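Here is a short briefing on one protein chain. Look at the sequence and the model first, then work through the points below.

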Amino acid sequence: MEMDTEAEIENELAIEEILKEFARPVIPAEIIKFFADDQGKTLLVKGTPGSGKTAFALSLLRSMKGTGVYLSTRVDSATLHEQYPWIREEIPGENIVDATQSESVSSQSSKARGAVIKALKYTDVPEFLKSVYTKTEDLRKPIVIIDSWDAVVSHTGYNNPGEREKLENQLCNFARRTKTRVIFIVEYMDLKPLDYFTDGIIVTEGEIEEERRIRTMTLQKLRGCAIRHPSYLFSLHNGMFKCFSDFRPAKIENPKVPAPIPDVNGPGVTTGIKDLDALIRGYGSFNLFKADYAPYELLMQAASINSLNLGRGVVFTSSKQLRLKNKILPFVEPRYQENVTVIDVHKTDINEFNKNISDFNERLSGEKKMAFFNFDEVERDNKEEMVKELIPALMKDKFTVFGSTSEEKGMGREMEPIASVFILLEMISGVPCMYGKMPMTEIYVMQLSTANRFPEIKLTPIV
Ligand SMILES: Nc1ncnc2c1ncn2[C@@H]1O[C@H](COP(=O)(O)OP(=O)(O)O)[C@@H](O)[C@H]1O
Ligand SMILES: [Mg+2]
């Protein structure tokens, strides 16, 4: 192998870190722990059609490489590969079993598609179980995913509820005895005997809110396992299940100044976040945010660090933002650190504020600047009239102006007509999320990466 330079190695490691964080399916830690011991376990996965059960099952199998089989009883393997193209690369063919009982499943058609898919033929449930057992008996701690169990039962005409219950009970006991991990995917949503037999139950849901889909996975029970998060936000982006764990801003040791991101083509001012620039084409001259504080701080931080490193000025208008100012300074080039200032709108009158702004402008070489207002605080201090006068003046003066409000009323509502960007920022299941009302966007999870020693935000759509 060629000798890599240290920088190249460092870069490779950084890329790997990012891939790990952003591109891979992520299974809730509790479920990984639930399956981590040497016991046989059974898990029931429930959810309405399209809620993500299959994507979850395949992603789980991928993260448990080579130790099990996924039995596809509803969807033939060709369709499965079409819907989830990533499994071709990520899950060995022998781990996927076509159990649809359709006539078209011949080794011929599978071969033609280049996949080593095995078909499973059965006429009754015991025969089904026997063939599954044969497939897994050589594996250590095998995992068997039956997608779906309802389909197996209905294919085989096992419709007598008493018989079905007895069989399910036996199956759960069998899993424990043989240290097999069985995942039953079911299509019913009510409580059935199987809910009591299995060691764990998880439910996938996809709710539509304001025309945007929000997916959550609820951990209902996981025997012998502490459930830290009963509910996870997740996405099926790229057909992979990815859950998001709660947000904890990491302290960055040994901070590094990032190379600034340039403005997008067109009139927009860069947001300091590549993914967001691509999405909304930069900020306009007045930008409104209806926001929970934590996600809004992520946006302010990204915009101000980037702006300063482009040699531009940044004005905070409340002494409460001093904390944020101090937080961003380690990521700003020393020669630009004087370009950020706090001119407190709450402690000045309009003349004094304007005087401070023109002094500030004189010190700067660049033309573009940013100013941040918190409308909740402005309203609390009865400074509305002053700020309503200041904002258009600042906009004329080449400022990109930001206004945030926790509720869409009062000043937030009044300023809406002049906003060219309107973004909603919300914590959902402990995760910072954003979506654009103007321009209209899907809902995105904001993930903070510190792998490169400066705060970096990536957006993942919730699909
Ligand atoms: N590549 C993809 N990109 C975005 N969304 C996808 C992708 N693949 C699947 N989905 C979404 O996942 C849904 C199906 O998920 P699936 O796991 O098959 O649900 P279930 O098994 O619960 O019926 C689809 O309706 C679609 O919205
Ligand atoms: Mg499915």
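The protein chain has 17 helices and 19 strands. Both are DSSP runs numbered from the N terminus: helices are H or I with at least four residues, strands are E with at least two. This is a predicted model, in which local features need pLDDT of at least 70, side-chain atom pairs count only at pLDDT 80 or more, and totals for chains, interfaces and linings use all residues. Residues are numbered from 1 along each chain as its sequence is written, chains are lettered from A and ligands numbered from 1 in the order in which they are written, and side-chain values use heavy atoms, with hydrogens and water left out.

**Confidence**

- The mean pLDDT of the protein chain is 89, and 91% of its residues reach 70 or more. pLDDT is the predictor's confidence in each residue, from 0 to 100.
- Over residues 105-115, pLDDT stays under 50. The model has 11 contacts for this stretch beyond four places in sequence. Contact means heavy atoms within 4.5 Å.

**Overall build**

- The C-alpha trace spans about 85 × 55 × 40 Å along its principal axes.
- Of the 463 residues, 52% count as buried. Buried means under 20% relative accessible area, exposed over 50%, and partly exposed in between (1.4 Å probe, protein chains only).
- Take the contacts between residues at least 6 apart in sequence: 68% of them join residues at least 24 apart.

**Two domains**

- The chain is divided into domain 1 (6-244) and domain 2 (274-461). Such bounds come from an automatic or database domain assignment.
- The C-alpha centres of the two domains lie 44 Å apart.
- Across the divide, 18 residues of domain 1 are in contact with 21 residues of domain 2.

**Strand β8**

- R212 sits in strand β8, which covers residues 212-222. R212 counts as buried because its relative accessibility is 6%.
- Which residues does R212 contact, leaving aside neighbours within four places in sequence? They are E207, Y435, G436, M440, T441, E442 and I443.
- R212 and T441 are 229 residues apart along the chain, yet 9.0 Å separates their C-alpha atoms.
- L222 is also found in strand β8. Its relative accessible area is 5%, so L222 is buried.
- Beyond four places in sequence, L222 touches E30, I31, F34, L43, D199, G200 and I227.
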